[in-house]
Amino acid sequence: MKKRKPVPRPGYVLPCATQIKNDNGLFQYYKGDFFTFFVTQPADSSLHHQLTQKHLDPQQPVHLLYRNNDLLFEIFLQAESLDGYDDFTGVTNLSTLIPFWSLGMEQAVKAFLNSSLTGPLADRFLYARVIDLFVQLAHHIHQVYEITIDNAAIQHAEKAKQIIVDDLSVYDTVEQVARKVGISEAELQLAFKYRFGMTVGKFSKDERMKFAHDMLEKKDDILLSVALEVGYNDPGNFSVAFKNYYGYSPGYIQRKKKEFNSGSQGG
């Protein structure tokens, strides 16, 4: 008879979490009002992604991932819960803001794990730790950006900006832009924020949405054409991104333009 592979004993326990054990290890998740935690141990990116997607709340698009040799820890949360943290504005993947994890940041993550608290008190503990984590993150980012950025890095940032604006129909990831300019993603994010006051991703999204808005107001192109011009192959995905950015859909602009034109002709 084939022996069943033993499940590793959990090295980290998230209070009040739902646990899913299998032959590969332990997966835990905890859902709060505006955030959800996921912990996978031992670290297994494929399993973590699979189970996270299954239990993910689509209303919580912002996320931060911490990984070491033992575990993957990820928190997803609502964008509005980070109002007041200017450094996080427009960023969905907060991990891109962290070129390296400080000891304080690692301790802020591990503070969630192995608490002996249970019940409502544990719930309050987790909510408090969420606040602490993002205070630590904001502090860490300020420390990182105080590092002097040399002229070569600034030139790389300017080159990255030019790559983005030269052809908005190519929607590169930050990693792809960094590869094109010849530095690491973390180095590019540091230099770009130092030079332009925002992340590469936010700048890229801003440029695309502004250009798309201008096209919708001034031209009569079909939605697919507008979407392709700003790097979206699927007009449905473009419409969702546009509405999330402006608060109204591309169709709203098109309808208003038709109404205005009809009124002008009628007069």
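How many helices and strands does the protein chain have? Colour by secondary structure and you will find 10 helices and 5 strands, each a DSSP run (H or I over at least four residues for helices, E over at least two for strands) numbered from the N terminus. This is a predicted model, in which local features need pLDDT of at least 70 and side-chain atom pairs count only at pLDDT 80 or more, while totals for chains, interfaces and linings use all residues. Residues are numbered from 1 along each chain as its sequence is written, and side-chain values use heavy atoms, leaving out hydrogens and water.

**The whole chain**

Start zoomed out. Along the principal axes, the C-alpha atoms fill a box of roughly 80 × 45 × 45 Å. Of the 267 residues, 40% are buried (under 20% relative accessible area; exposed is over 50% and partly exposed lies in between, with a 1.4 Å probe and protein chains only).

**First stop: α4 and α6**

Select residues 151–166 for helix α4 and 185–196 for helix α6: they pack at about 85 degrees, with axes 8 Å apart. The axes are lines fitted to C-alpha atoms over the stretch in contact, and angles run from 0 to 180 degrees between N-to-C directions. That makes α4 roughly perpendicular to α6 (65 to 115 degrees; under 35 is roughly parallel, over 145 roughly antiparallel and the rest oblique). Now show side chains: Ile 154 and His 156 are among the α4 residues that meet α6, whose partners include Leu 188 and Phe 192; contact means heavy atoms within 4.5 Å.

**Second stop: α7 and α9**

Move on to α7 (residues 200–218) and α9 (residues 235–246), which pack at about 100 degrees with axes 11 Å apart. These two helices are therefore also roughly perpendicular to each other. On the α7 side, pick out Met 209, His 213 and Leu 216, among others; on the α9 side, Phe 238, Phe 242 and Tyr 245 are among the residues they meet.

Rings of Phe, Tyr and Trp (its six-membered ring) pair if their centres lie within 6.5 Å; planes under 30 degrees apart count as stacked, over 60 as edge-to-face and the rest as tilted. The whole structure holds 26 aromatic pairs. In one of them, the rings of Tyr 246 and Tyr 248 have centres 5.8 Å apart and planes at 25 degrees, so the pair is stacked. Tyr 246 is partly exposed at 25% relative accessible area, and Tyr 248 is partly exposed at 27%.
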